[in-house]
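Hi everyone, thanks for coming.

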Amino acid sequence: MSLTRNFPLHALAHGRAGDKGNVSNVSIIAYKADAWDILKTNVNEDIVHKTTQHLGVTAVHRYLLPNLHAMNFVLENALDGGVNASRSLDRHGKTLSYLLLSRIQIEAPIELLPDNSPYLDPQFSWEKASSS
């Protein structure tokens, strides 16, 4: 049986993003093709909306790109009126990609990690140590 652990999304995938007006698009791309099914199941419109709704996102649409082992999310009203209209510092689509990559967590077998992942090092820990 495979050893599974809880990982941040960025351990299994990388992202690309863009913005136009008040709409942002964020693509999530699996590092390994074998991770596609678990990403497709666990990274959906609902979890992306819950992760971004505090920013004013009103709707999320997901488009699957299975031949690329990727998905594209379109986030409506994500940019506080648009990059040029926003009073927020650096409210570009690229910041939203890292928000998703860092805050969404996925339970996955370690075999789905890329070969050079720091998460394969038994000494590496991304979780906060508990203070005793």
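Some ground rules. This is a predicted model, where local features need pLDDT of at least 70, side-chain atom pairs count only at pLDDT 80 or more, and totals for chains, interfaces and linings use all residues. Residues are numbered from 1 along each chain as its sequence is written, and side-chain values use heavy atoms, with hydrogens and water left out.

Let's start with strand β3, residues 23-30. When I say helix or strand, I mean DSSP runs numbered from the N terminus: H or I over at least four residues for helices, E over at least two for strands. And buried means under 20% relative accessible area, exposed means over 50%, and partly exposed is in between, using a 1.4 Å probe and protein chains only. In β3, 6 of the 8 residues are buried, so the strand is largely enclosed by the rest of the structure.

Which strands does β3 pair with? Strands pair if DSSP finds at least two bridges between them. β2, residues 13-20, runs antiparallel to β3 and is joined to it by 8 bridges. Look for His-14, which sits opposite Ile-29. These two strands make a hairpin with 2 residues between them, and Gly-21 in the turn has a positive phi of about 65°. β3 also pairs with β5, residues 70-76, again antiparallel, over 7 bridges. There, Ser-24 has Leu-75 as its bridge partner.

Now over to helix α2, residues 45-52, where Val-48, Thr-51 and Thr-52 are buried. Seen down the helix axis, the buried residues fall within an arc of 85° (taken from the directions from the axis to the C-beta atoms), so they line one face of the helix. It's handy to remember that an α-helix has 3.6 residues a turn, so residues three or four places apart point the same way.

Let's zoom in on Thr-52. Its relative accessible area is 0%. Its side chain reaches the backbone oxygen of Val-48 at 2.8 Å. That's a polar contact: a pair of N or O atoms within 3.5 Å, where within protein one must be able to donate a hydrogen and the other to accept it, and residues adjacent in sequence count only if both atoms are side-chain atoms. Leaving aside neighbours within four places in sequence, Thr-52 is in contact (heavy atoms within 4.5 Å) with Val-57, Leu-75, Leu-99 and Leu-100.

Next, the core. A nonpolar core is a set of buried Ala, Val, Leu, Ile, Met, Phe, Trp, Tyr and Cys residues joined through side-chain atoms within 4.5 Å. The largest one has 31 residues, and Leu-9, Leu-39, Val-43, Leu-75 and Ile-106 touch the most other members. Helix α3 gives the most to this core, with 4 residues.

Finally, the segment after β6, where we find Leu-120. Is Leu-120 buried or partly exposed? Partly exposed, with a relative accessible area of 37%. The C-alpha atoms of Leu-120 and Ile-110 are separated by 7.4 Å, and these residues are 10 apart along the chain. Not counting residues up to four places away in sequence, Leu-120 touches Ile-110, Leu-113, Pro-114 and Asp-115.
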